[in-house]
Amino acid sequence: MNAMTTGAAAFLGRYEGLRAHLPGGRTDWVAALRADAAAQFRAQGLPGRQVEAWRYTDLSPIAALGFTEALTLAEERLSLPAARAPWRAVFVDGRFAAGLSSLPPGLSARSLAAELDAARGLLGALAEPTPMVALNTMLFEDGLFLEVPPGLDAGVMELLSIATHAERPIAFHPRHLIRLGAGARLTLIETSLGPAAATYLHNPVFEIAVAEGASLTHVRLQREGRAGFQLATVLAAVEAGATYDNFTLNAGGRLVRNEIHAALRGPKAACHMNGAQLVADGQHADTTTFLDHAAPDCASRQTYKTVLAGRSRGVFQGKILVRQAAQRTDGYQMNQALLLSEEAEIDAKPQLEIYADDVKCSHGATVGALDEAQLFYLRARGIPAATARSMLVEAFLTEAVEGVRDEAARAALDEAVAGWWEREAA
Amino acid sequence: MPAVAETIETVQSVQEGGYKWGFETDIEMEFAPKGLNEDIVRFISKKKNEPEWLLEWRLKAFALWRKMEEPRWAAVSFPPIDYQDAHYYAAPKQKAAPKSLDEVDPELLRTYEKLGIPLREQERLQGIAVDAVFDSVSVATTFKDRLEKEGIIFCSISEAVQSHPELVREYLGSVVPQADNFFAALNSAVFTDGSFVYIPKGVRCPMELSTYFRINAKSTGQFERTLIIADAGSYVSYLEGCTAPMRDENQLHAAVVELIALDDATIKYSTVQNWYPGDAEGRGGIYNFVTKRGACRGARSKISWTQVETGSAITWKYPSCILQGDDSVGEFYSVAITNNRQQADTGTKMFHIGRNTRSTIVSKGISAGRGQNTYRGLVKISPKATGARNFTQCDSLLIGDQCGAHTVPYIENRCLSAKVEHEATTSRIAEDQLFYCRQRGLSEEEAVGLIVNGFCREVLKELPMEFAVEAQKLLAISLEGSVG
Amino acid sequence: MLKIEGLTAEVEGKPILKGIDLEVPAGEVHAIMGPNGSGKSTLSYVLSGREGYEITGGSVTFDGRDLLAMEPEERAAAGLFLAFQYPVELPGVGNANFLRTALNAIRRARGEAELDAMQFLKLARAKLKALHMSEDMIKRNVNVGFSGGEKKRNEVLQMALLEPKLAILDETDSGLDIDALKIVADGVNAMRGPGFSALVITHYQRLLDHIVPDRVHVLMGGRIVKSGPASLALELEAEGYAKVAA
């Protein structure tokens, strides 16, 4: 517990010193929100492994470091990856970089810090009382504040998060509000990158509201630098007839957690959560999902695949809650792990909690190595062993990645998978 | 057995009503004073004329227990238990230990007859040796002579402490140490009786061994301790049954069961747990907080747990296997029913340590009324357990919209060549199945009984025949009032 | 083409092959017949390089090269093709992708140019047509959800595409109805010529009605106990293994 308290104390210290200067520092409702979050974070600290939700992910490497905020950086010194969509919002160390961004007209996309007053009543509306969300609320400096008007098909938009190199460990806690009006549509491709050797913490929180009949496809490509940390929390509320699709690739970082809470709040809402975790030597990747069926006639599908190479650890925790009102729920979850190394460890905790009787819910989990018979079959057809292995790994990932239908997103994903294989596993 | 006829019979017995094991035996009892302290521990040990080492062992457990906190992580809720407000020793008054059934109080024999466990050998269930435990003490063990001829030791653990102290001392606490958990520590301090089994090398036990537990007295807890050792190449099938009178207080049952299987030995342990579940409003009933664990110490050894849990207000137990021996096998087959206000949090832990160890888990949970039913399980594979295999199937069935079914499996794997498969489903009885049965003339309750029995088939077939029949009846009785 | 001398092999310490001598010249089709447990499948796996079989003695040369020193994929590239008794399912791997990857790996090894997707598709279509197979075959995942007959036809399609010098057909006839059997036999017969040899491993004579071998060898107890012309197969069918081998 001591290490955890130390880590938490450093963050609380930053808050005490900066609170007047943080966005909204002199606005009552924002200051109150931050103060509540700080009180909560002071009480909880960084969660230790005795906390059930964190039993497989040890935050002591983060607790052991003292993080500060990034200094302001000249935007023009950054080299950005090629754009994948016509519009792009770029955040550098958690702050909106207007000069690098091109925001779409017709919908309201802007910096949260610049438009904080407009977020009153929206910011924090979906927050769950988890320590990482509290930390984010306490210290966020900026984020994407995106509202798609009802009925508009906003196409594809990119959200790029870049960490820069700093002498000291830096932390940033962007808060993104994504709100789709009734019947609106959007595909959001989010990529996070960082320099290979920089130590930093990226702690984003997304508050996502998908109104009646709207549809959001959210593709997250986590490719943080290998010394970086990412602890992401996605909070999504899906109303009647609406769809929220999340695909997350966990490929970078030293220790990462992808936590998703999705609530199906109106009849016939749907949620698809898929993901691939590619974990290599020295990495720890955690996907934790919570699917809250709160309304009748909703469907959810989850498929997560973890591939582990070298000395690494993968975690999957996934809970499906079906409340009493959620009759005729159709819930399915599959998580599978493929071990490529004798030094890898996988921990899985799928979970069903069901209070309605007219439901069809199932989950499955498998853990195993590459199938020798399949490998031999491929090699007997002349395919070299390394190629054969990569084909089988790719095939293993198929069910998780095939849901990514947008071409730009799919290209980015395939590139990330191929890159991982060449660097880490081949 | 023709399932339909069986179901009809079952439903008839349902209509006759209620928990039929809920009577109380009027017999003169001897109690320890209420409360729990070192003196009570000494009192129990003295009553049992125990050697010094065992008293020390108990006192150590008691000291450990006092420093521990009652666990609250399971998905069950209950008011605080006042551990000082119970008798930790209750026994029927008897002049001396009975040498034969003729010396056993006739009232006791009648009790077991009413329970369907005739102790008189001439009335015995075909080929089952029974150790009957009444509140704190073992009252009779049948078939002892026959078993002794094979070198099998089957007696109460109190007796084993006197007659085979070296075996008890070697194995007691070797699978479930005193400090293992709060309730195991409590049991270690105050256990009063239970069964002891030793099967010698190469012996296949010629009959089913059985213990029948009965809580009778008011304000008592039952803390039995069972120890089964299967020496190399031996085989034993062991059955455990339990009932208690209907009372509006909650009674604590905190047993510990330890199994040890050496090279090539097999232990099959079956439980039909039918402790009083409390009434429809949740008043009374047994708190069944039990630690059961088996160690597959030897190569190619096998431990198989089968349980049918229909009773108790709260069931909280995880019969587990430590698969140490290479090629050893662990199995867990479970049916748990919760109706009315019953709560169950049960499952298993499979620790894969040896090479090519295999485990199978099949769990069927049925929730009805306002019952809450949780499967909680752990499959843990160590780096050395190369070639380890696990298959888990967890199915839940919901009857009515006021109950809950939960599945919480943990999979922890550190071995490249291990293979783990887990599947879980939750569903309700399909309308078309119900309609099909009713169209063929079954009442809704009969149809449910039939379908539930089918749902549990994979587990029930693991039970010895006599138990399977009883278990099927219990399933239907436990679901009484859950339909319509 | 294939020369086996004194080959012995074990599985988990148990000797299965106890001294095989066999030569398949270029352009010839040989059949190996034998009862269950005689070592037929072990021979096909040893020749194709599957793990789990320990070679304890003897030698195998293929086209003058030491076959046993080669990796499975090197054997395939050298022109050895095993039609599996139980073709393996590869969920998530498309048949077209699989075939093109295999073909290009082999072409690369032969110093030939790789085929792009369009070139491959053209070639595959031609082969499918020649074999009277539907294009569906290459659109599905490798062997996933295939019937027994479809799996065997997929093996023949692969053989036709990869154009091996030596094909080993391991009980390819097992579980096939007569129509599927003909498709398999036509596929093999179409490839017969001076540059193609085959080793047809089978329990029954049935397949050999359609693929008439140049020579028949009887494998029993891990040894070739008798060799003879195609008529030997008929003799075996009529008399049984025990009598013919005696």
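Q: What is the area buried between chain B and chain A, and what share of it do carbon and sulfur atoms give?
A: In this predicted model, about 2,600 Å² is buried between chain B and chain A, and carbon and sulfur atoms give 49% of that area. The contact draws on 35 residues from chain A and 30 residues from chain B.

Q: What makes the pair Asp358(A) and Arg428(B) a salt bridge?
A: The side chains of Asp358(A) and Arg428(B) meet at 3.1 Å, N to O. The cut-off for a side-chain nitrogen of Arg and a carboxyl oxygen of Asp is 4 Å, and the pair therefore qualifies as a salt bridge. Across the interface of chain B and chain A, the rule finds four salt bridges.

Q: How many residue pairs are in polar contact between chain B and chain A, and which strands of chain B supply at least two residues each to the side that touches chain A?
A: The count is 15 residue pairs in polar contact, both residues being at pLDDT 80 or more. Strands E23 (404-413) and E24 (419-428) of chain B each supply at least two residues of the side that touches chain A. By class, that side of chain B has twelve nonpolar, eleven polar and seven charged residues.

Q: Why are strand E21 of chain A and E24(B) said to pair?
A: Pairing requires at least two bridges. Strand E21 (residues 359-369) of chain A and E24(B) have seven bridges, in the antiparallel sense, and therefore count as paired. Ser362(A) stands opposite Thr425(B) in E24(B).

Q: Why does Arg220(A) count as buried?
A: The relative accessibility of Arg220(A) is 1%. Buried means under 20%, so Arg220(A) falls in that class. Its place is in strand E11 (residues 215-223) of chain A. Leaving aside residues up to four places away in sequence, Arg220(A) touches residues including Pro204(A), Phe206(A), Val234(A), Phe247(A) and Leu249(A).

Q: What makes the approach of Arg220(A) to Glu190(A) a polar contact?
A: The side chains of Arg220(A) and Glu190(A) are joined at 2.7 Å.

Q: Which value places Arg220(A) relative to Ala409(A), 189 residues apart along the chain?
A: The C-alpha atoms of Arg220(A) and Ala409(A) are separated by 9.1 Å.

Q: What share of the contacts in chain B between residues at least 6 apart in sequence joins residues at least 24 apart?
A: That share is 83%. The secondary structure of chain B comes to twelve helices and 24 strands, and buried residues make up 64% of its 484 residues.

Conventions. Residues numbered from 1 in each chain as written. Chains lettered and ligands numbered in written order. Predicted model: local features only at pLDDT ≥ 70, side-chain atom pairs only at ≥ 80, totals over all residues. Heavy atoms only, no water. Contact = heavy atoms within 4.5 Å. Buried area = accessible area lost by both parts, 1.4 Å probe. Polar contact = N/O pair within 3.5 Å; in protein donor to acceptor, adjacent residues only side chain to side chain. Helix = DSSP H or I, 4+ residues; strand = E, 2+ residues; numbered from the N terminus. Nonpolar A, V, L, I, M, F, W, Y, C, P; charged D, E, K, R; others polar. Buried < 20%, exposed > 50% of the residue type's maximum accessible area, 1.4 Å probe, protein only.
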